[in-house]
Protein chains: 2
Amino acid sequence: MTMIGSGNVAWHFSKMFKSVGIEILEVHSRNQEDAKKLSKELNARHLDRLDYISDETDLIVLAVNDDSIEIVSNQIRTDALVVHTSGTASIEKLSNGRKGVIWSIQSLRKNQETDYSKIPFLIESNTENDAAAIENVIKKISQQVFIKSSEERLKAHLGAVIANNFVNHLYSISQELLTEAKLPFSILLPIIEEETRKVHSFEPKEIQTGPAARGDQKTIESHLNIIQEPELKEIYRLISDRIKKLHHDL
Amino acid sequence: MTMIGSGNVAWHFSKMFKSVGIEILEVHSRNQEDAKKLSKELNARHLDRLDYISDETDLIVLAVNDDSIEIVSNQIRTDALVVHTSGTASIEKLSNGRKGVIWSIQSLRKNQETDYSKIPFLIESNTENDAAAIENVIKKISQQVFIKSSEERLKAHLGAVIANNFVNHLYSISQELLTEAKLPFSILLPIIEEETRKVHSFEPKEIQTGPAARGDQKTIESHLNIIQEPELKEIYRLISDRIKKLHHDL
């Protein structure tokens, strides 16, 4: 196979593929230094230009940023299967005849030991044959592989952003409030741990607690009274309303 | 001491106090059946009426709901220290001469084994003497005891609601999206676990990632495009804007 890219995803996907016996023939990247480094690590050829892609390669992986997928795809003239690795870009960004997507839900960081077997992967192809071929390979890496359309993948990506990036920002907001009360964020770690423990066994909706879930308007008003920032007030109001609606059908 | 209440907090606070050698003389509750049950478990007297509180008691704990604190407090004629256990109610809800608050940040459930030593407690009193007395007792139970004003406690309570109840609702929203994509919520557990692991070592703001943090407006627009519900669109927009502002000073 051929790896296009030399960043975090390229690094981990190369290791992953190699670990299941797939030979990486060549590495190309806009960043020549990183490409040379990665190709050396993989014992692969450093590919100077995209039009020199080997005829022997049967899979070309585009581990490039979303904006580059279309441009790079257009430069690749090949009968091999071309896949990108984005959570949000449609498969249609690829102009090649045989195309696909391999997206790992967990974000990957270079030089960080990662247990790939527990990472869920969403995969896609424009033909059933290639979808099955991708599935066969990724199933050797991970126990959780799902064939999904681009739209389904985008929804899963949105879900991941909400459950990860937005949750992290809520922790930031909590920390701001605790700092105002001259308290360390660490006092919230026990309830954060408990919540994480619970969602392993229960549906989030089933274990919803708090003022909004029990319709405790007095507490909601007390909270709104001490929030100074208008945007935060609005976030508080919207999330509380949504919880109320879900739990009281108001 | 005297325990007023027979719910989750009354149950755990009784066990907690007993475990550090404080004798529970009597239990009173609106719910007579539960009060009798708890008093039996504690080997304490069941107290029929609030005006029969023993002269021997030196601490009266109101583990009642927020709306009842004022009413119950008004019925107690005593020189003993009266404390409530609410995260949101001001100490001023108590009309007694000697008053205080003991709030455990973690929510407690009856009949559930709990390691109190790791639960953070916020405490308060109207005199330094009684604050020190409460601190002495609670320090025997937990390693994390903070003397805080009612306003600071309300801010910490708001922080806990955001980090716990709101986070749980974000998980609910993620699950809704995954269900639309015919995917199980469990595929998000690895990133949820990783986030929880990270906030043990880093400040939430330091580890913020995602489209909003990197100013990736294209991905933000793709997400907004697939969100149908206007309220959810607004939640998405407000949280993304707040992350952008925090990370780009826009």
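Helices (H or I, at least four residues) and strands (E, at least two) are DSSP runs, numbered from the N terminus. This is a predicted model, in which local features need pLDDT of at least 70, side-chain atom pairs count only at pLDDT 80 or more, and totals for chains, interfaces and linings use all residues. Residues are numbered from 1 along each chain as its sequence is written, chains are lettered from A in the order in which they are written, and side-chain values use heavy atoms, with hydrogens and water left out.

**View 1. Fold and extent of chain A.** Chain A contains eight helices and eight strands. Its radius of gyration, taken over C-alpha atoms, is 23 Å, well over the 18 Å that the globule rule (2.2 Å times the number of residues to the power 0.38) gives for 250 residues, so chain A is more spread out than a compact globule. The C-alpha trace spans about 70 × 40 × 30 Å along its principal axes.

**View 2. Burial in chain A.** Of the 250 residues, 56% count as buried, that is, under 20% relative accessible area (1.4 Å probe, protein chains only).

**View 3. The interface of chains A and B.** In this view, 84 residues of chain B are in contact (heavy atoms within 4.5 Å) with 84 residues of chain A. The two chains bury about 8,200 Å² between them, 65% of it on carbon and sulfur atoms; buried area is the accessible area (1.4 Å probe) that two parts lose on being put together, summed over both. On the chain B side, K155(B), F166(B) and R242(B) lose the most area to chain A, together 9% of what that side buries.

Notes. Buried < 20%, exposed > 50% of the residue type's maximum accessible area, 1.4 Å probe, protein only.
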